[in-house]
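Q: Hi, could you walk me through this one? I'd like to go over it piece by piece.

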Amino acid sequence: MSAATETTSTQTTWTQIATAGDLDSSRPVIPVMHQGQALVLFRDEQGELGLIGRHCPHRGADLCFGRHEDNGLRCPFHGWHFDRTGQCTEQPAEPADSTMYQTIKLPSYPVIERDGMIFAWYGEGTPPPPPQTPPPRSLGKAQNKIKNKN
């Protein structure tokens with residue numbers, strides 16, 4: 001399969017990037033790599049997932065080491081704060097009336113959680129419906145037993 005084919009197929013499907021258990025910690029932040037792009041996956045205080053660019057656009061600091069607070073991640077270098085959509089929401093060193101933060105946004109991708117798995121959509125436009133996850137194996141065996149009795 002060529003690189004172009006891989007890129008096309010990834011852009012038209014949801015891609016599993018983690019499990020919910022990967023974020024079960026007091027600091028639910030993990031690095032994710034996708035086609036050479038460094039990203040960071042996190043769960044905010046409201047339980048919502050965010051998948052954004054891993055490096056702060058100001059000085060390139062790794063947001064995996066940032067402070068997990070205020071429903072986002074705060075850069076460990078100068079404190080720029082990013083929400084789960086990648087939007088910069090605060091720049092502490094700027095004058096109080098500055099609106100520069102409104103023009104700064106990291107790449108971000110839609111993320112969903114289904115049956116303990118976390119999927120990302122890397123494609124263009126509106127994502128298709130999320131994937132249907134298979135039933136647990138024990139359920140499948142029970143259904144087979146019922147079918148065999150009839």
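Q: Leu23, is that buried or exposed?
A: Leu23 counts as buried, because its relative accessibility is 3% (buried means under 20% relative accessible area, exposed over 50%, partly exposed in between, with a 1.4 Å probe and protein chains only). This is a predicted model, where local features need pLDDT of at least 70, side-chain atom pairs count only at pLDDT 80 or more, and totals for chains, interfaces and linings use all residues. Residues are numbered from 1 along each chain as its sequence is written, and side-chain values use heavy atoms, with hydrogens and water left out.

Q: Where does Leu23 sit?
A: Leu23 is in the loop between strand E1 (14-19) and strand E2 (29-34). Strands (E, at least two residues) and helices (H or I, at least four) are DSSP runs, numbered from the N terminus.

Q: And what does Leu23 touch?
A: Not counting residues up to four places away in sequence, Leu23 touches Pro28, Val29, Ile30, Leu41, Phe42, Arg43, Leu49 and Ile118. Contact here means heavy atoms within 4.5 Å. Take Arg43: Leu23 and Arg43 are 20 residues apart in sequence, and their C-alpha atoms are 7.2 Å apart in space.

Q: Tell me about E10. Which strands pair with E10?
A: E10 (residues 117-121) runs antiparallel to E9 (residues 111-114), joined by 4 bridges. E1 and E10 also pair in the antiparallel sense, over 5 bridges. Two strands pair if DSSP finds at least two bridges between them.

Q: Which residues face each other there?
A: Ile112 stands opposite Phe119 in E10, and Glu113 has Ile118 as its bridge partner.

Q: How many residues are in the turn between E9 and E10?
A: There are 2 residues between E9 and E10, which form a hairpin. Asp115 in the turn has a positive phi of about 50°.

Q: How many of E10's residues are buried?
A: 4 of the 5 residues of E10 are buried, so E10 is largely enclosed by the rest of the structure.

Q: Which other residues have a positive phi without being glycine?
A: Gln35, at about 45°, and Asn71, at about 55°, are among them. Gln35 lies in the loop between E2 and strand E3 (37-43), and Asn71 is in the loop between strand E5 (67-69) and strand E6 (72-74). Gln35 counts as partly exposed, with 49% relative accessibility, and Asn71 is partly exposed too, with 21%.

Q: Moving on to His81, buried or exposed?
A: His81 is buried, because its relative accessible area is 3%. His81 lies in strand E7 (residues 81-83). Its contacts beyond four places in sequence include Glu69, Asn71, Leu73, Gln87 and Cys88.

Q: How about the core? Which residues touch the most other members?
A: In the largest nonpolar core, which has 15 residues, those are Val40, Ile52, Leu63, Leu73, Trp80 and Phe82. A nonpolar core is a set of buried Ala, Val, Leu, Ile, Met, Phe, Trp, Tyr and Cys residues joined through side-chain atoms within 4.5 Å. Apart from that core lies another of 14 residues, among them Leu41, Leu49, Tyr109 and Val111.

Q: Last topic: what lines the largest pocket?
A: The lining has 13 residues, of which Leu49, Gly50, Arg84, Tyr109 and Val111 lie nearest the centre. Strand E4 (49-53) and E9 each supply at least two residues of that lining, and E4 gives the most, with 3 residues.

How values were computed
1 Å grid on protein atoms, 1.4 Å probe; cavity = no way out; pocket = protein on both sides within 12 Å on 5 of 7 lines; lining within 4 Å.
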